[in-house]
Amino acid sequence: MSAARPGEWLDPASALGLSLEDIPPGTFNMTIPADRYTCPEYAARERKAIWMQAWQIAGRVEDLPKPGDWKKYEILDQSFIIVRGKDGGLRGFVNACRHRGNALCTTETGNARRGFLCQYHLWSYDLDGRLKGLLRESLAGPIDKKEKSLLQVSVDTFAGFIFLNPDPNATPLREYLGDEVIALLEPYHIDQFTTVMDVTEPIDCNWKVVMDAFEEGYHINGIHPQLLRVLHINPATARYRFFENHSVAMAPFEVAGASAEDQVEGMLALPETFPGTVAVIPHFQELLAPYRNDDGKVQFPDGITPRALLQQATREVLTGMGLDVGGLTDSQMVDNQGWVLFPNYFMTVRAGECHVVMSAPRPDGDPNRCVWHVASYMYVPEELRDAVRAEAIVVDTPGSYKYFEALQQDYEQMPRQQKGLRNDRLDHLTLVNEEVVIAHFHSVVDRYMAGAAKR
């Protein structure tokens, strides 16, 4: 008998995946104060309690392939540099010269193979952050170069992402993520995925409005009616797992009660919302062919479903491309698992592709505005990665970039919610049981704000 795969947490026999009925009333607070989305004082407290203390994703490992490659990462008014050293390791530093605080890096990326040079007074640092030299050193007075290295911050990697924590004494990343989270995500091989979309844009809402929007499927009927052809969030079949800071949820990729013909038509339209299915649909149609009548309609015998054929097609296509999906279950072939990694990372992932939404406060700290970063990644053979890799896009004119349909609908909805949240008499939000992931997320916010979270 084969060993259980991490993705089998959804199997009722595993007792690991929770249904809504398994979550006792009162486990999480279902009432959220409205002022945490609009209050400048609350936002100022978040800066210290969350953003200066939590691990946050600052890019992809593939962004920095060579020694000396660096990128800038900024959160609120803080600026950091992440650089690949000569030893191949990644390090993070405060983006400020130790002489008089001049910013060392003013562009977004670059290469500093010979180290960093402050353009103000020509102090120089190697890729390990050590002060190498300074202008007219013999006349500079008692400067101990060993004591004037660049200020370090914590940097580590997981799943191909670069994580940064402004706190140099932060809990190690793997401890922060937890062994279970790592074990559940590793079989997807996200570290081998390639960026196929990368867009950053300011948006007029609080960063938590963005996170809330993607942490529940309760809004699909209202905002994404086109998805109802292939995805029906059935509270009875959705499953959840909650960790100390993070969570994962899944609803089966199917429409309960829909005819086989309607399900097939919906699946054939998947590429409009899930680009990764483009390569799978032709084989899916091949597997459908034996079940089509002379009039073209599909008719399945007992035990055969459109979902099962899509699972089979996905596994066979990815395996045929030389990609390793052996550690994933049949459900993971087609069912998007929605991951929340605190504080600001949401990802839907299934075999071969994932879509990520991140949000962060604007540099001025205005609680009614944030920056959202959306990206998509695909698992393709190594020889095709350069052909599909997308360059990062920074949108200067809000609304000028058009996302794929479902994402565009979310983009247009979130500022409408922020307008409502600004009404003085609205003092709280009321969550329903299907929004339990939001409730869990805000319980972590509360712990951080109280200074009681492990960082």
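Biologist: Which residue caps the N-terminal end of helix 4?
Modeller: Helices are DSSP runs of H or I with at least four residues, strands are runs of E with at least two, and both are numbered from the N terminus. At the N-terminal end of helix 4, a side-chain oxygen lies 2.9 Å from the backbone nitrogen of K208. The residue that supplies this oxygen and caps the helix is N206.

Biologist: What pLDDT do local features need in this model?
Modeller: Residues are numbered from 1 along each chain as its sequence is written, and side-chain values use heavy atoms, without hydrogens and water. This is a predicted model, in which totals for chains, interfaces and linings use all residues, side-chain atom pairs count only at pLDDT 80 or more, and local features need pLDDT of at least 70.

Biologist: How many residues of helix 4 are buried?
Modeller: Buried means under 20% relative accessible area, exposed over 50% and partly exposed in between, with a 1.4 Å probe and protein chains only. The buried residues are W207, K208, V209, V210, M211, D212, A213 and F214. Helix 4 is therefore largely enclosed by the rest of the structure, the buried count being 8 of 8.

Biologist: What is the volume of the largest cavity?
Modeller: On a 1 Å grid over the protein atoms alone, a cavity is a set of points where a 1.4 Å probe fits but cannot get out, while a pocket is an open set with protein on both sides within 12 Å along at least five of seven lines; lining residues have an atom within 4 Å of a point. The count comes to 4 cavities of 30 Å³ or more. The largest cavity is lined by 41 residues, with F214, E216, I220, F346 and T348 closest to its centre. Its volume, the space filled by probe spheres set on grid points joined across faces, edges and corners, is about 780 Å³.

Biologist: Which element gives the largest share of the lining of the second largest pocket?
Modeller: The second largest pocket has a volume of about 290 Å³. Its lining comprises 15 residues, and D212, A213, E216, Q417 and E435 are the closest to its centre. Helix 4, helix 11 (405-421) and strand 20 (428-430) give two or more residues each. The largest share, 4 residues, comes from helix 11.

Biologist: How many charged residues are in the lining of the largest pocket?
Modeller: The largest pocket holds about 1200 Å³ of space and has 39 lining residues, with K71, K72, E108, T200 and H373 nearest its centre. Ala, Val, Leu, Ile, Met, Phe, Trp, Tyr, Cys and Pro count as nonpolar, Asp, Glu, Lys and Arg as charged, and the others, Gly among them, as polar. By this scheme the lining has 18 nonpolar residues and 8 polar ones, and the charged residues number 13.

Biologist: Which residue of strand 18 stands opposite T200?
Modeller: Strands pair if DSSP finds at least two bridges between them. Strand 12 and strand 18 run antiparallel and are joined by 9 bridges. They belong to an open sheet of 8 strands with mixed pairing, in the order 13-14-15-16-17-18-12-19. The residue opposite T200 is H373.

Biologist: Which residue of strand 11 stands opposite R60?
Modeller: Strand 2 is mostly covered, with 5 of its 5 residues buried. Opposite R60 stands F161.

Biologist: What is the phi of H189?
Modeller: H189 lies in the loop between helix 3 (179-185) and strand 12. H189 is buried, with a relative accessible area of 18%. Although H189 is a residue other than glycine, its phi is positive, near 60 degrees.

Biologist: What is the phi of A159?
Modeller: A159 sits in the loop between strand 10 (152-158) and strand 11 (161-165). At 17% relative accessibility, A159 counts as buried. A159 is not a glycine, yet its phi is positive, at about 55 degrees.

How values were computed:
Polar contact = N/O pair within 3.5 Å; in protein donor to acceptor, adjacent residues only side chain to side chain.
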